[in-house]
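Please look over the sequence and the model first.

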Amino acid sequence: MLTGLSMAQAQNPECMTNLSIYAEHAKVKNYDAAYEPWKMVYESCPDINKANFSYGERILEHKIEKSSGAEKDGYIQELLSLYDNSIKYFPKNYSAADVAIDKALLLYENKMASDEQLFDMLDKGFKEDRENFTNPRALYLYFSTLVDLHGAGKKDLQDVFDTYDDVTEKLDEENQKLTDALQKLLEKEDAGTALTAKEKKLKSAYETNSESFGKVASSVDSKLGALADCDNLIPLYEKNYEAKKGDVKWVKSAVGRMFSKDCTDDPMFRKLFEAQLALDPSADAYMYGGVLKQKSGDHKGAIADFNKAVELETDSYKKSNILYKIATTVRRSSASQARNYALKAIDANPANGKAYLLIANLYAGSANDCGSTPFEKRAIYWKAAEMARKAGRVDPALSGHASQTAASYDAKAPTKEMIFNSGMAGKTITFSCWVGGSVKVPSL
């Protein structure tokens, strides 16, 4: 941290001396003693070393925590200024998104900014530097303040949907990076190779961070809430259709949202779908076409469109998502067909936890059809719980939901008393229904 000095900076012995002094204090978290020498260096030689900003942030955060009133406000203003100067003096180490996020969170935590100010600050940071806007908490605050502004009549509903798309897409992107890295370690574990100490730490970090993104994604969906119900979507799209029907991004977003909210029976869905088909006859368009054909009873045509959608998509992640959507669509008519599409989704992206959860749900829903005795019927829940746990393992963003789901299925499986009375402990039950396969009864 204390390297890379220029000749001019090295010629300032006072800055050099105080830099060493405050750095030693900061290393042992003696921030009160570090403050004065740090302030001297920061004000006289701001670009002497990045430590002015990395240690400076910790020093000022400590002073803010330990102070109150006007004194606290003064330290907050110092820290806000430090964030602005960080990118000025060390542009390679700090980004526009970093500055916007740090300032917004500081102001939010200390209740020193309105929703408009917070949103404008984060909106500017996101749009100017989307790549580095990766803080999950800031992503939630960005969207949350916008929804509150809409509730106060200060922002349009379309702005809410546009930002929702941006934020959820970014959350998916960041989680995808984590699950990709995690998958390589899981494959190594599954192959029977022990992880190194470093790999174990990385695995833990990937899981923790992915779980954080999952919690924020869930909070974002909750914040959107009823705003995205069909009763709101349909009038909005009817109102904007003529002006927006040539905007492929708007059309695709509208079709996708109506599909996800199951508004596909409304004539507006078909209208939007046909507009998308004309603008961009892509994989998504064929998938939606298959949905419409299925609803009209043309199951053969629906499957043809679904398969065409899969064939057109070359990106493995998008293909996996399309296969998952198809699986959710056909589940009402055929559980086995839904599982086939879900398994294909997993083949395309092994980290698609949602596909594992869907299969778990399909198994649980077939309990009464799989087995000739009450014990055998309930045994299917062990298989369902196993699939739910896999969902959380490959995609920790889903770990909370996956754990709850697995626990609910385990609770429906045979109890220890039932296992004892049946004499099946440690034995294997084979399923002759569409689920197939088998499950080993736990030993007592």
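K293 is partly exposed, with a relative accessible area of 31%. That value falls between the cut-offs of 20% for buried and 50% for exposed. The model is predicted, and the values below are computed from it.

Side chains of opposite charge can pair when their charged atoms come close. K293 has such a partner: D305 forms a salt bridge with K293, and the closest N and O atoms are 3.2 Å apart. D305 sits in helix α15 (residues 299–312) and K293 in helix α14 (residues 283–295), so the bridge ties together parts that are twelve residues apart in sequence. D305 has 11% relative accessibility and counts as buried. K293, at 31%, is partly exposed.

How many salt bridges does the structure hold? There are 28 salt bridges. Two further examples follow.

K39 and E43 form a salt bridge, with 4.0 Å between the closest N and O atoms. Both residues lie in helix α3. They are four residues apart, about one turn of the helix. K39 is partly exposed, at 23% relative accessibility. E43 has a relative accessible area of 55% and is exposed, because exposed means over 50%.

Another joins two helices. The side chains of E189 and R393 meet in a salt bridge, 3.4 Å from N to O. E189 belongs to helix α9 and R393 to helix α19, so this pair ties together parts that are 204 residues apart in sequence. E189 counts as partly exposed at 31% relative accessibility. R393 is also partly exposed, with a relative accessible area of 35%. Which residues join E189 and R393 in one network? The network also holds D190, K203 and E207, joined through salt bridges that share partners.

The three bridges described here can be set side by side.

| Salt bridge | N to O distance | Accessibility of each residue |
|---|---|---|
| K39 and E43 | 4.0 Å | K39 23%, E43 55% |
| E189 and R393 | 3.4 Å | E189 31%, R393 35% |
| D305 and K293 | 3.2 Å | D305 11%, K293 31% |

**A negative patch**

D156, D159, D162 and D247 form a negative surface patch. One of these residues, D162, lies in helix α9 (residues 157–190). D162 has a relative accessible area of 35%, which makes D162 partly exposed.

**Disulfides**

Now to the covalent links. The structure holds three disulfides. Counting bonded cysteines along the chain, the pattern is 1-2, 3-4, 5-6.

Take C15 and C45. Their sulfur atoms are 1.9 Å apart, and the two form a disulfide. The link is right-handed, with 80° about the S-S bond. C15 is in helix α2 (residues 13–27), while C45 is in the loop between α3 (31–44) and α4 (51–65). The pair links distant parts of the chain, 30 residues apart. Are these two cysteines buried or exposed? C15 is buried, and so is C45.

Next come C230 and C263. This disulfide has its sulfur atoms 2.0 Å apart. The torsion about the S-S bond is about -95°, so the disulfide of C230 and C263 is left-handed. C230 lies in helix α11 (residues 230–244) and C263 in the loop between α12 (248–260) and α13 (267–279), so the link ties together parts that are 33 residues apart in sequence. C230 is partly exposed, with a relative accessible area of 22%. C263 counts as buried, at 3% relative accessibility.

Last, C370 and C433. They form a disulfide with sulfur atoms 1.9 Å apart. The torsion about the S-S bond is about 95°, so the disulfide of C370 and C433 is right-handed. Where do C370 and C433 lie? C370 is in the loop between α18 (353–364) and α19 (374–394). C433 is in the loop between β1 (428–430) and β2 (438–440). The pair links distant parts of the chain, 63 residues apart. Both C370 and C433 are buried.

How values were computed. Residues numbered from 1 in each chain as written. Predicted model: local features only at pLDDT ≥ 70, side-chain atom pairs only at ≥ 80, totals over all residues. Heavy atoms only, no water. Disulfide = S-S within 2.5 Å. Buried < 20%, exposed > 50% of the residue type's maximum accessible area, 1.4 Å probe, protein only. Patch = residues over 30% accessible without salt bridge, like charges linked within 9 Å, V, L, I, M, F, W, Y side chains within 5 Å. Areas by Shrake-Rupley, 256 points an atom, 1.4 Å probe, with all protein chains shown as cover. Lys, Arg positive; Asp, Glu negative; His and termini not counted. Charge placed at Lys NZ, Arg CZ, Asp CG, Glu CD.
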